[in-house]
Amino acid sequence: MTVGDTSSGAGEEPGADSSVHATPHHEVDHTVEPTDDPLAIRLEALILGADRRYTPFQAARTAGVSMDLASRFWRAMGFADIGQAKALTEADVLALRRLAGLVEAGLLSEPMAIQVARSTGQTTARLAEWQIDSFLEGLTEPPEPGMTRTEVTYPLVELLLPELQEFLVYVWRRQLAAATGRVVQAADDEEMVDRRLAVGFADLVGFTRLTRRLEEEEELGELVESFETTAADLVAAHGGRLIKTLGDEVLFAADDAGTAAEIALRLIEAMSQDETMPALRVGIAFGTVTTRMGDVFGTTVNLASRLTSIAPKDAVLVDGAFAKELVRHGDAPESEAQAAEAVAAAAERARLAEKEGREPDDEPPLPTYRFGLQPMWQRPVRGLGVVEPWLLARRGKTGS
């Protein structure tokens with residue numbers, strides 16, 4: 001378990017008086033105080049690959065890093081302050097050296113190194129919690145009467161650890177390659193940070209009331225996991241990116257409006273076929289989005305969230321900019337009336353040709369639209385002024 005300390009400089013003695021810095025409210029403490037439980041210590045040594053050897057002060061000094069910077073790194077990763085308990089290992093020292101070395105070499109600024117520590121800590125903390133709650137907990141049930149869970153856990157972790165580690169590195173490299181590809185294809189440097197994306201929220205309707213009805217926590221957990229799994233699979237399969245899940249809500253993004261529209265409608269279709277699921281509603285907006293630490297921010301994201309909150313059950317609402325993108329790329333007609341007129345005109349030309357006993361003139365085929373758009377009443381949206389939402393639906397050929 002890696003933890004931080006509260007003293008402020010590499011030159012201070014371990015016993016010097018220091019003030020305790022509270023963990024900022026936006027950083028989640030993922031650790032507890034160091035334990036003296038023998039099995040827990042053995043498991044910790046197995047997972048970390050080293051025994052406890054250093055106090056926080058000693059680790060910082062061995063790594064050649066100031067105590068202040070070491071504390072900020074550890075807190076950014078989500079680890080609690082433990083005073084001067086001897087709870088750190090050679091791996092902790094090496095991690096400090098690596099981060100500090102990136103700063104010293106000029107590859108990262110100090111604030112950027114802190115962000116690297118924070119984003120990595122937050123992401124892996126959730127992964128570790130999920131693996132323990134949903135994976136190891138079930139596997140470590142004693143297989144025979146008389147055996148304790150502790151007797152099963154150590155050999156199981158010993159077998160799983162190298163395989164899970166290799167798989168984690170593989171997935172991370174794949175994701176890094178995909179993200180790097182998107183960046184190098186950006187039109188300019190500004191687009192690497194502020195990009196034009198389609199952003200969508202999918203929200204389970206009445207989830208709060210549902211949680212009150214579900215007496216068994218396991219049943220509620222299964223529902224949430226089913227929703228998140230279905231959403232994640234559909235988003236990935238159709239070319240979008242799952243930004244985050246919030247239990248009863250998922251946030252996704254796509255580079256173009258057509259991809260986002262397909263994802264949204266498939267989410268509605270998939271959830272409506274599952275009788276155990278509440279109704280779903282989706283809101284999507286298109287525009288400039290600021291990306292940071294794997295998340296997205298800005299007015300476009302806020303608008304998508306507001307559209308979700310006013311969307312009807314099992315329906316998708318989009319903003320005007322999103323509707324224009326669909327029309328511009330030929331995924332939707334400018335209006336259903338215009339599409340109907342085109343169909344009627346083509347039918348009339350065919351009728352006249354048949355009446356006159358001639359072949360219809362060679363004409364370009366009628367466009368095929370994937371989606372239809374229906375304008376809804378304009379309405380004020382808190383913090384964003386008056387917006388005109390559009391109801392998105394699936395359609396076949398023009399006029400169908």
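The model is predicted, so local features need pLDDT of at least 70 and side-chain atom pairs count only at pLDDT 80 or more, while totals for chains, interfaces and linings use all residues. Residues are numbered from 1 along each chain as its sequence is written, and side-chain values use heavy atoms, with hydrogens and water left out.

I start with salt bridges, meaning a side-chain nitrogen of Lys or Arg within 4 Å of a carboxyl oxygen of Asp or Glu. The whole structure has 15 of them. In one, Glu 262 pairs with Arg 394, with the closest N and O atoms 3.1 Å apart. Glu 262 sits in helix 10 and Arg 394 in strand 10 (residues 390-394), 132 residues apart. Helices here are DSSP runs of H or I with at least four residues, strands are runs of E with at least two, and both are numbered from the N terminus. Glu 262 is buried at 11% relative accessibility, whereas Arg 394, at 38%, is partly exposed. Buried means under 20% relative accessible area, exposed over 50%, and partly exposed in between, using a 1.4 Å probe and protein chains only. Shared partners join Glu 262, Arg 266, Glu 269, Asp 331, Arg 370 and Arg 394 into one salt-bridge network.

Another salt bridge joins the side chains of Arg 75 and Asp 81, at 3.0 Å from N to O. Both Arg 75 and Asp 81 are buried.

Asp 255 is partly exposed at 40%, and Arg 241 is buried at 17%.
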